There are 2 protein chains.
Amino acid sequence: MLFAKTPNPPYYAVIFTSQRTEKDDEGYGKVANLMDELASKQPGFLGVESSRDQDGIGITVSYWNSLESIKLWKDNMPHQKAQEKGKSDWYSKYITRICKVERDYTFSK
Amino acid sequence: MLFAKTPNPPYYAVIFTSQRTEKDDEGYGKVANLMDELASKQPGFLGVESSRDQDGIGITVSYWNSLESIKLWKDNMPHQKAQEKGKSDWYSKYITRICKVERDYTFSK
């Protein structure tokens with residue numbers, strides 16, 4: 001993963017915290033990559049950051065220029081299908097939080 | 001990590017995305033745990049979620065009841081010292097984003 005190159009605030013963030021089941025690693029990986037690719041072509045997409053640790057706990061944060069862009073992506077048909085599969089197979093629990101980013105700071109060597 | 005038990009929105013989130021150096025794993029782990037413990041005793045602290053993958057990319061999201069609570073924690077003296085050590089030793093890059101959580105959704109089996 002790279003750091004998302006977001007513009008000056010304000011902009012929006014979707015924090016997606018999830019616990020993976022142990023099911024279907026291959027199918028999950030493929031669809032996750034496909035969704036990243038699709039999301040990056042959506043209007044208003046600014047970037048994404050993602051991490052998953054060895055216990056299957058993951059945090060993905062996607063960045064958007066408006067609440068409307070977030071809603072369009074939520075309703076996107078291939079994404080809807082992936083969300084259904086997420087509920088039936090891939091995740092035992094998740095929380096999605098929609099946020100407005102008010103300030104940010106970068107440190108870099 | 002557990003999922004943070006946050007109240008109904010609005011509340012605040014600090015998204016901290018970081019790239020670890022390969023330096024000082026032991027010292028880092030100790031201080032990271034100590035900071036989690038200290039943060040959890042701060043006024044306005046609501047919870048924290050964290051993930052770091054095998055490449056050293058981590059995302060930690062802490063949740064707070066107000067911008068004032070976030071500022072108090074940022075200025076906390078032991079936390080200030082940890083931040084200095086983070087810049088000198090532990091992180092090659094990080095981005096901190098201060099957000100207002102406007103909506104959230106939970107899925108659980």
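Residues are numbered from 1 along each chain as its sequence is written, and chains are lettered from A and ligands numbered from 1 in the order in which they are written. Because the model is predicted, local features need pLDDT of at least 70 and side-chain atom pairs count only at pLDDT 80 or more, while totals for chains, interfaces and linings use all residues; side-chain values use heavy atoms, with hydrogens and water left out.

**The sheet**

Helices (H or I, at least four residues) and strands (E, at least two) are DSSP runs, numbered from the N terminus. Two strands are taken to pair if DSSP finds at least two bridges between them. On this basis, eight strands form an open sheet with antiparallel pairing, in the order β2(A)-β3(A)-β1(A)-β4(A)-β4(B)-β1(B)-β3(B)-β2(B). From one strand to the next, the twist averages 25 degrees.

The two chains are joined within this sheet by β4 (residues 91-108) of chain A and β4 (residues 91-108) of chain B, which run antiparallel and are linked by 15 bridges. Within chain B, strand β1 (residues 11-20) pairs with β4(B) in the antiparallel sense over ten bridges. Further out, β2(B) and strand β3 (residues 57-64) of chain B are antiparallel and share seven bridges. The hairpin of β2(B) and β3(B) has four residues between the strands, and Gly56(B) there takes a positive phi near 85 degrees. The table lists individual bridge partners.

| Residue | Bridge partner | Strand of the partner |
|---|---|---|
| Lys93(A) | Ser108(B) | β4(B) |
| Tyr105(A) | Thr96(B) | β4(B) |
| Ser18(B) | Tyr94(B) | β4(B) |
| Val48(B) | Ser62(B) | β3(B) |

**The contact between the chains**

The size of an interface is often given as the accessible area lost when the parts come together. Here, buried area is the accessible area (1.4 Å probe) that two parts lose on being put together, summed over both. Between chain B and chain A, this area is about 4000 Å², and carbon and sulfur atoms give 59% of it. Of the area that chain B buries against chain A, Phe3(B), Arg97(B) and Phe107(B) supply 19%, more than any other three residues.

**Helix packing**

Axes are lines fitted to C-alpha atoms, for helices over the stretch in contact, and angles run from 0 to 180 degrees between N-to-C directions. Angles under 35 degrees count as roughly parallel, over 145 as roughly antiparallel, 65 to 115 as roughly perpendicular and the rest as oblique.

In chain A, the axes of helix α1 (residues 25-40) and helix α3 (residues 77-90) come within 11 Å and cross at roughly 150 degrees. The crossing angle therefore makes α1(A) roughly antiparallel to α3(A). From α1(A), Gly27(A), Tyr28(A), Val31(A), Met35(A) and Leu38(A) meet Pro78(A), His79(A), Ala82(A) and Trp90(A) of α3(A). These residues divide into seven nonpolar, two polar and no charged, where Ala, Val, Leu, Ile, Met, Phe, Trp, Tyr, Cys and Pro count as nonpolar, Asp, Glu, Lys and Arg as charged, and the others, Gly among them, as polar.

In chain B, helix α1 (residues 25-40) and helix α3 (residues 77-90) pack at an angle of about 150 degrees, with their axes 11 Å apart. The helices α1(B) and α3(B) are thus roughly antiparallel. Helix α2 (residues 67-75) of chain B packs on α3(B) at about 65 degrees, with the axes 5 Å apart, and the two are therefore roughly perpendicular to each other. Trp73(B), Lys74(B) and Asp75(B) of α2(B) make this contact with Met77(B), His79(B), Gln80(B) and Gln83(B) of α3(B). By class, the contact of α2(B) with α3(B) has two nonpolar, three polar and two charged residues.

**Backbone features**

Most residues other than glycine have a negative phi, and most peptide bonds are trans. The peptide bond from Pro9(A) to Pro10(A) is cis, with omega near 0 degrees, and Pro10(A) is placed in the segment before β1 (11-20) of chain A. The bond from Pro9(B) to Pro10(B) is also cis, with omega near 5 degrees. Asp24(A), in the loop between β1 and α1 of chain A, has a positive phi near 60 degrees.

Definitions and conventions: Contact means heavy atoms within 4.5 Å.
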